[in-house]
Amino acid sequence: MTERKKLTTAHGAPIGDNQNSVTAGPRGPLLMQDYQLLEKMATFNRERVPERVVHAKGSGAYGTFTVTNDVTRYTKARIFSEVGKRTDCLLRFSTVAGERGAADAERDVRGFAVKFYTEDGNWDMVGNNTPVFFVRDPYKFGDFIHTQKRDPKTNMRSSTAMWDFWSLSPESLHQVTILMSDRGLPQGYRFVNGYSSHTYSFISAENERFWIKFHFKTMQGIKTWTNAQATEIVGQDRESSQRDLFEAIEQGDFPKWRVCVQVMPEEDADTYHLNPFDLTKVWPHGDYPLIEIGIMELNRNPENYFADIEQAAFEPSNIVPGISFSPDKMLQARIMSYADAHRYRIGVNYAALPANQPQCPVHTYHRDGNLRFDGNSGGAVNYEPNSMGGPVEDSRSLEPPLKVSGDVDRYDHRVGNDDYTQPGNLFRLMSGDQKEQLFSNIAEAMDGVPERIQTRQLVHFYKADPDYACGVAGKLNLTRLSEQVAALADLSLAELIEKTSAEAYTELATPEASLAKAAD
Ligand code: NDP
């Protein structure tokens, strides 16, 4: 029999008894000197790092990305340098709103964050299973997330807050339509597409810039639950997506995604009929078709969930030469906020943790900080410029200049923006069954929401497609308001908000009430 390892304290001293505390007599109180007990309890108290404010519940696995198509005319990124090239990656899926203990089979957007360990550093593609988002200005991100989280008083989630915010923010309609559609409740992470959602850029070897969007198409097929099915699943298994992913990989049934890009020449952005940097819009495939670049396969479960997945830190700021940003306001804000969140959540030296550590050499002049566990660059020179042989910049990774223009101001992002055509297009491509699911899902999600907010939202559905509003109104028993909804659709957003305010609404919804009031 092989001899078992000896148990020690965190500092390496052998532990003689791991069953009984040190006490004054067999019935007596504990002694402060039982440092082994104190270490054990104090370490236990500190086992949790703060959970992510969003995307707290996640699952992940390691895998491989293999290039299948030559895109070197668009990008010099070495990850794409030749067909057949393989790069290690780590993918973390998540739900957005629920806390770490939330059930998996809930209606929610799924996070889809991939880290590619390239020879030029880590490239993170931190996307979702939806091609768009609820807001287009990061100023509104925190407000939006508050509507998805617990009410400050009831400590319960509030459908009124969600629909109040959405109905006051019509740019959310596209994403709301996807969330409430069949795709809003996936059977598991293997059955979702991933999207960069943001526009990024490719830089070619000739220093030419292209605007791009990434698409990861599931090769397992899209599979979804209805609300009723999900209720049953959650009753039996709160970890349904984690279980499905983990067990498939354990059994060697490795999930795969076809990785594609849409490519827009830089100058098209000036004349394209919509703002290509607006996160609430897609680029129709007819305008910019998908170009396959590779296959991503997940083939290795994490050995330790906390070390590999909970401590994994994904950030859109992780780009590599040949792949870069765009003027998308939401992306620009995430470049700051993700790395900032990791510094708060797992500490300033999070990049040196095993899951985040690049597979290429790292040379920086950063030093010290909490939990510096990587040798802190030893005695190497810690300032730059220096004449001591320290690392130096390499101008080959510089990007071509990007022209920007305009007066510095706060611009109303709703001016000139069409928030209705694309949600309408999505609605119109749904089958009859998908539309029915959409109507029911919305009506269920609006249960208990004040009628004036339901009416305000019906107006947005109407503007996307009158049949959309009609279907939802039918499920909400609000068809009596059809004429009012159609009339409200002609108003500006400000007028709509005024008409559906708590003060003005009674008259609008029940003209008889105002007549009766007048007769009093
Ligand atoms: P296409 O007909 O070329 O593409 C339609 C897309 O819609 C397909 O990618 C399809 O995915 C996807 N889709 C189908 N049902 C749903 C759903 N319930 N939720 C989300 N996506 C769904 O048309 P366009 O490119 O002109 O786009 C039309 C609309 O499709 C857009 O307004 C947008 O709402 C939606 N869409 C567009 C995408 C794009 O990048 N152009 C990406 C995803 C959605 P699949 O191929 O997997 O069936």
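**The ligand shell**

Guide: At least three residues of the shell around the ligand come from each of domain 1 (51–352) and domain 2 (421–519), with bounds from an automatic or database domain assignment. The model is predicted: local features need pLDDT of at least 70, side-chain atom pairs count only at pLDDT 80 or more, and totals for chains, interfaces and linings use all residues. Residues are numbered from 1 along each chain as its sequence is written, and side-chain values use heavy atoms, with hydrogens and water left out.

Visitor: Which helix gives the most to the shell around the ligand?

Guide: Helices (H or I, at least four residues) and strands (E, at least two) are DSSP runs, numbered from the N terminus. Helix 4 (173–180), strand 7 (209–218) and helix 10 (421–429) each supply at least two shell residues. The most, 4 residues, comes from helix 10.

Visitor: How far from an oxygen atom of the ligand does a polar side-chain atom of His174 lie?

Guide: A polar contact is a pair of N or O atoms within 3.5 Å. For Arg183, a side-chain N or O atom is 2.9 Å from a ligand oxygen atom. For His174, the distance from a polar side-chain atom to a ligand oxygen atom is 2.6 Å.

Visitor: How many of the 14 residues of helix 12 are buried?

Guide: Buried means under 20% relative accessible area (1.4 Å probe, protein chains only). Among the buried residues of helix 12 are Ile453, Arg456 and Phe461. Helix 12 is largely enclosed by the rest of the structure, because the buried residues number 10 of the 14.

Technical notes. Buried means under 20% relative accessible area, exposed over 50%, partly exposed in between (1.4 Å probe, protein chains only). A polar contact is a pair of N or O atoms within 3.5 Å; within protein, one must be able to donate a hydrogen and the other to accept it, and residues adjacent in sequence count only if both atoms are side-chain atoms.
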